Amino acid sequence: MPVGTGATVKAMTPEELVGLGAEIILSNTYHLYLRPGVDIVKEAGGLHRFMHWQRPILTDSGGYQVFSLGALRKITDEGVKFQSHIDGSYHFLTPEKVIRTQVALGSDIIMPLDECVSYPCGYEEAKKAVERTTNWALRSKEAMNQSPVISHQSPALFGIVQGSVYQDLRLKSLEELVELDFPGYAIGGLSVNEPKPLIYEALEYTAPALPKNKPRYLMGLGPPEDLLYAIEQGCDMFDCVIPTRHARTGQVFTHQGPLVIRNAPCARDFTPLDPECGCYTCRNYSRAYIRHLINTGEILGARLNTCHNLYFMIDLMRKAREAILEDRYLEFKEEFLEKYNH
């Protein structure tokens, strides 16, 4: 899912995203709540009409953004008090308010308020966060049942598994959420600076334990090698700002591994970013030209890199689905990584 934090995937038009093969995008409740405000989006006819995107939209709860505020927020069992990163104004979010906000936005998939703890995190702190996350999930589900629906159908509310790097807490969180019978489940709190082996270990015991007949969404993890490993464990959905953020700073993904386009070797390299890629950028522009655009601060450089990175990731997911259907996923994964990590 390309990330459109503030009702836009940076540097891309909706038509371009459709052309890349994007079927769903993610927007951020926290940022939209602060700017432009829920009332304006609702007055515009909902988020789809406001941003001219007719395909599904998933909105996260804003819990991760509140977590990242650190000293600017205070968490209690009732909800989260925080200061806006924009103007310092104070706000209070409850699980119920977060649900009402996302329903008003007109999202298709919505996420409950949860407590994402940092790494490293003590066991008791992680345990308390799991208990709070489960309680908030129950309150969120009850709020969903009471919320008026402004679109043609009710949005799907996913549960979010927390528990830091503690296996018993992760499985406790999972079991409690499965009892609440959500239409989909997310694995949260695995992109907060944990070492990669711990992330992989948590995926190994969490993803396979989730219901296999419902979507399993891994939140916030984005490098290609991580996605392929997560797919092997059973994850279905992903979002990350890495493809668009890296693109704007001159870093692109290729089948031969990551490439920093700003570097001197690209100055006279008139080959595509990735000779194996079929995106618009690779069909029409050279590394030398894109390096020139990025190093001179031209907007087109960010647009071309973003087009390429999003195409690369969406195409990687398409190929993974094909490999699964043809019962050759492990072979596909090994072949890709052998070339990517050369």
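**View 1. The largest pocket.** About 910 Å³ of space lies in the largest pocket of this predicted model. A pocket is an open set of points on a 1 Å grid over the protein atoms alone, where a 1.4 Å probe fits, with protein on both sides within 12 Å along at least five of seven lines; lining residues have an atom within 4 Å of a point. Volume is the space filled by probe spheres set on the points, which are joined across faces, edges and corners. Look for Tyr64, Gln65, Gly220, Asp239 and Val241, which lie nearest the centre among the 39 lining residues.

Residues are numbered from 1 along each chain as its sequence is written. Local features need pLDDT of at least 70 and side-chain atom pairs count only at pLDDT 80 or more, while totals for chains, interfaces and linings use all residues; side-chain values use heavy atoms, without hydrogens and water.

**View 2. The second largest pocket.** Here the volume is about 780 Å³. Of its 31 lining residues, Met1, Asp236, Phe238, Met317 and Arg321 lie nearest the centre.

**View 3. The largest nonpolar core.** Such a core is a set of buried Ala, Val, Leu, Ile, Met, Phe, Trp, Tyr and Cys residues joined through side-chain atoms within 4.5 Å; buried means under 20% relative accessible area with a 1.4 Å probe, protein chains only. Among its 45 residues, Ile187, Leu203, Leu218, Leu228, Cys235 and Phe238 touch the most other members.

**View 4. Around Leu218.** Leaving aside neighbours within four places in sequence, Leu218 has contacts (heavy atoms within 4.5 Å) that include Ile187, Leu203, Cys235 and Phe238. A second, separate core has 17 residues, including Met12 and Ile314.

How values were computed:
Buried means under 20% relative accessible area, exposed over 50%, partly exposed in between (1.4 Å probe, protein chains only).
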